Amino acid sequence: MGATGGLTLVFGLPLAVALFFFGLAAYERRMGLANGPGFFQRNGLAVGLYLVLAVGFWVFFVIVLPQFSMVDMSFRPKLPPSQMGGPKDVFTLENYRYFLFGSTTSTSSWNWIHIKAFLLTIGVSIAITLFNFALCYPIAFHMAQSAGAARLRILLLLLIIPYWVNEILRAFAFRVLLSSGGIINKLLLGAGVIGEPIDFLGADVGLYMGLSYAYLLMMVFPLYSAIESLDKNQIEAARDLGAPWWHIHLFVVMPHAKPGIASGCTLVFMLCAGALAAPLVLAGPRTLWFTPIVYDRFYQAFNWPQGAAYAFILLVTCVVFVLLVLKMFRLSLGEITR
Amino acid sequence: MTSGPLQRILFAVYIAVFFLYLLGPLMVMGVSAFNTPQYPQVWPIEGLTLDWFSQLFADQDMMYGLRTSLWIGVLVVAISVPIGLAGAIVMTQIQPRVRSAYYLVVVSPVLTPGIIIGISTVVFWREFTTLTGTKFLYDGIILTVIGQSSFISAYCMLIILARLQRFDQAQQEAALDLGASYPQVFRHILLPFLQPALFSAAVLAFLSSFENYNTTTFAILSEKTLTTVLAGRVRQGSTPAISALAVIIVGVTIVGAIAYELWKRRADAAAERRLRAAQAAEESELSGAAAPMAA
């Protein structure tokens, strides 16, 4: 970001948006679309200022401008601080070129290591999302529709406890469980199923299980709250009319629970694709997950513009995934973030 | 569903497998915290020990990280809850035609991967503090608080918004008719009504901040929190001291969950009593008013 251009944007954008709202309010009042007291009349000066400043700080300085500067940086070359904003500080695609071709200038060979890691991350994240949905749907249905109040409390408590153990410790638990001297290998050896310990972690079984485990509850809770709002009588009616059980789920419960399903799936996918702790703790020596590569761009290669480009690629992928899910389920964003 | 004996058994097996998957790894880790071998081991139990706990408390970096994490948690609560409250109130007052755009912007941090929030926070504040000559703001703890606040404020807003939508506008109109000013309505009617949601939001904000790793690891710069120290320790190798930390966290969580449950029951009971008292008062007033007329 150039010095003056940057500052103009940082202070100009909030100002422009404030003017827009002022104009919109005046326009609606003149057209008779709005009546009643204005914003500051309605809240009083002190509360009104608090609302504007708090939301303004949040929207501009915490959400929009940081995202903007990350994207901006991803299109710029890596320069020493003294040359920033100088004649060499121009827009370039070299960071994206590096992701695809492994070089900032040539396009002769593909950067397979990074591309493979990226595709693997996306593919595995989708698979884990589907697996978690299949695993969590029955229990969510049971909790929402047939469990008694006392049982429900116990189930919720059991679900919530692992939720607050942080991600690194959850991943660490899988390392204890699956390592070559771990309990699973000991059990299998003891039962005579295998002759020598299996290297679960090297084969990435640990990573996939750890990821699925870490975000299990992100699937259960949205499903549960969506199914809970379904009127029990609808299921009764379907059953009385002779629908088999899978018909009831497919054509009565799931259409109703659509927002919950979509919200669970987007959350699990996004968290998996962006997971950093589980790959650090559980990945085998040859595994490449995309987020550790992004991390290394910043704190190993010290190439921030390149890291920003990689992060932006990940962000765009997640946005595309959310949009696809919304389109598939014919939903709006407001319906899934409830 | 239709429950034949076979289906019942299958479902019971499924529930058992589900909770084994959910709780088994934590239990295994928990047991290894009390076992003597250097490497976290569950079986055979070679001897019971509490050494791993004392080793954990003797770990200077870990304790320093814990203090930083607690501070960051408190600061995040102090920032995110007011922002979430303002965000929710603005949501109900903003012009309908821009409401969905506003919603999209403020909810987007929830759907953004944590590492991207961390990266963008660091990139922006590095440039901003350089440009404005406020380099002292470019500090790991401040950046972490800001980065975490972006999505934790959104959580808080969603919780508060859910309660705000049940707010009876008639209460506000009644207060205004009786001569209250708008700030008075905010202070004496809206805030007390929102109080349970504000409390839940504060608890959720603190816990989310405390356990966060993805955003923190980028935004923390040269500082240390519990999760970043922990990540370093886990990468160096496995020791049962890490299991001991997990045991403590699970223990605190269970105690906290039970305390919350008790608090909620008491609050529900108190609300019930108030409702009954109000009904009784109303009835006695009605019968009191009716009595003289009968006489």
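Chain B holds 11 helices and zero strands (DSSP runs, numbered from the N terminus: H or I of at least four residues for helices, E of at least two for strands). This is a predicted model, so local features need pLDDT of at least 70 and side-chain atom pairs count only at pLDDT 80 or more, while totals for chains, interfaces and linings use all residues. Residues are numbered from 1 along each chain as its sequence is written, and chains are lettered from A and ligands numbered from 1 in the order in which they are written.

**Overall form of chain B**
- The C-alpha trace of chain B spans about 90 × 70 × 40 Å along its principal axes.
- Of the 295 residues in chain B, 36% are buried (20 or more other C-beta atoms, placed from the backbone, within 10 Å of the residue's own).

**Two helices of chain B**
- Helix α6 (residues 140-164) and helix α8 (residues 182-211) of chain B have axes that come within 9 Å and cross at roughly 155 degrees (lines fitted to C-alpha atoms over the stretch in contact, with angles from 0 to 180 degrees between N-to-C directions).
- That makes α6(B) roughly antiparallel to α8(B) (an angle over 145 degrees).

**Where the chains meet**
- The contact takes 74 residues from chain A and 78 residues from chain B (residues are in contact if their C-beta atoms, placed from the backbone, lie within 7 Å).
- On the side of chain A that touches chain B, helix α3 (residues 45-74) of chain A gives the most, with 17 residues.

How values were computed. Parallel < 35°, antiparallel > 145°, perpendicular 65-115°, else oblique. Contact = placed C-beta atoms within 7 Å. Buried ≥ 20, exposed ≤ 12 C-beta atoms within 10 Å, placed from the backbone.
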